[in-house]
Amino acid sequence: MPHITYRNACVEFVDDVYEPAEDSFLLADAALDLAKQGMKILEIGTGTGFVAAVLKANLDVDLLATDINPYAVKCACNNGVPTIRADMFSAFKSLKCFDMIIFNPPYLPTLEEDKVPGWLNYAFDGGVDGTASLHRFLEGLVSYLCHKGIVLVLVSSLTGIEKAISWMEGYGLETEVVVKEKCFFEELVVLKGILKAGPE
Amino acid sequence: MEILACPLCKGDLVLNVQSKEDAEIITGTLYCKKCNEYYPIDEGIPNMLPPHLRE
């Protein structure tokens, strides 16, 4: 089975699941930097489970992940990440119980004719302008993130980094860029948002 | 288990265990009474997609 070894984690990958790449490494680095022992952490759209597996290999954290792609769910479970098959947050109660929520959204602007066949499309398809999944994620997020909880999102210059920051601010998240990297034709950043106290 | 909800109505689910290995549930179902919908657990993995998204 092909695999990647990164920061103490050994992660297998399979066909039909997004293969960890620069964006995954960047997000894993940022997550490892900000996560603390004992945190309750949720990763949405975990794919191979790469980011969660890196956390698990280095920290004692309470992890849970979701993916919509059945091959990804199986692959992540085989990589030691407890994963359930679900569409974003839809299978969770709105308990605001996670200390950290991580998401590497599909962000490629995708028209009907650009779609790739099968479940792998979910790894890339960000809707017509590339922001559909990020919007859905941000809309749901505040019902699941605890007060002062941290959200980490990977955003590409293809999506628009400043735009993404202002959307996050609009959802009550104090937002900043924690890491960035130039990568071929795009710039990748990890945005950290901290949930400010909402109106009571 | 205590944080899982029905993806359609966000209501509580009833767990039915068919097989277990140590503490881990291998096969079973999660049932939403309100929607009369079953969410299968297979090979230890809950499938929490509403039926129209499963395939």
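How many helices and strands are there in chain A?

1. **Basis.** This is a predicted model, in which local features need pLDDT of at least 70, side-chain atom pairs count only at pLDDT 80 or more, and totals for chains, interfaces and linings use all residues. Residues are numbered from 1 along each chain as its sequence is written, chains are lettered from A and ligands numbered from 1 in the order in which they are written, and side-chain values use heavy atoms, with hydrogens and water left out.

2. **Fold elements.** Chain A has 5 helices and 9 strands. Helices (H or I, at least four residues) and strands (E, at least two) are DSSP runs, numbered from the N terminus. Along the sequence the pattern reads β-β-α-β-α-β-α-β-β-α-β-α-β-β. The radius of gyration is 16 Å, close to the 16 Å that the globule rule gives for 200 residues, so chain A is as compact as a globular protein of that length. That radius is taken over C-alpha atoms; the rule is 2.2 Å times the number of residues to the power 0.38.

3. **Box and burial.** Along the principal axes, the C-alpha atoms fill a box of roughly 50 × 40 × 30 Å. Of the 200 residues in chain A, 54% are buried (under 20% relative accessible area; exposed is over 50%, partly exposed in between; 1.4 Å probe, protein chains only).

4. **Contacts.** Take the contacts in chain A between residues at least 6 apart in sequence: 61% join residues at least 24 apart. Contact means heavy atoms within 4.5 Å.

5. **Surface and charge.** The accessible surface of chain A is about 8900 Å², with 53% belonging to carbon and sulfur atoms. Areas come from the Shrake-Rupley method with a 1.4 Å probe. Chain A carries 16 positive and 28 negative charges, and their mean positions are 7 Å apart. Lys and Arg count as positive, Asp and Glu as negative; His and the chain ends are not counted.

6. **D125(A).** This residue sits in the loop between strand 6 (98–103) and helix 4 (132–141). D125(A) is buried, at 15% relative accessible area. Its side chain makes a polar contact of 2.9 Å with the side chain of K115(A) (N or O atoms within 3.5 Å, one able to donate a hydrogen and the other to accept it). A polar side-chain atom of D125(A) also lies 2.8 Å from the backbone nitrogen of G127(A). Beyond neighbours within four places in sequence, D125(A) contacts P106(A), L108(A), T110(A), K115(A) and S133(A).

7. **G140(A).** Helix 4 holds G140(A). At 17% relative accessibility, G140(A) is buried. G140(A) and Y171(A) are 31 residues apart in sequence and 10.0 Å apart in space, C-alpha to C-alpha.

Key: The place of a charge is taken as NZ of Lys, CZ of Arg, CG of Asp or CD of Glu.
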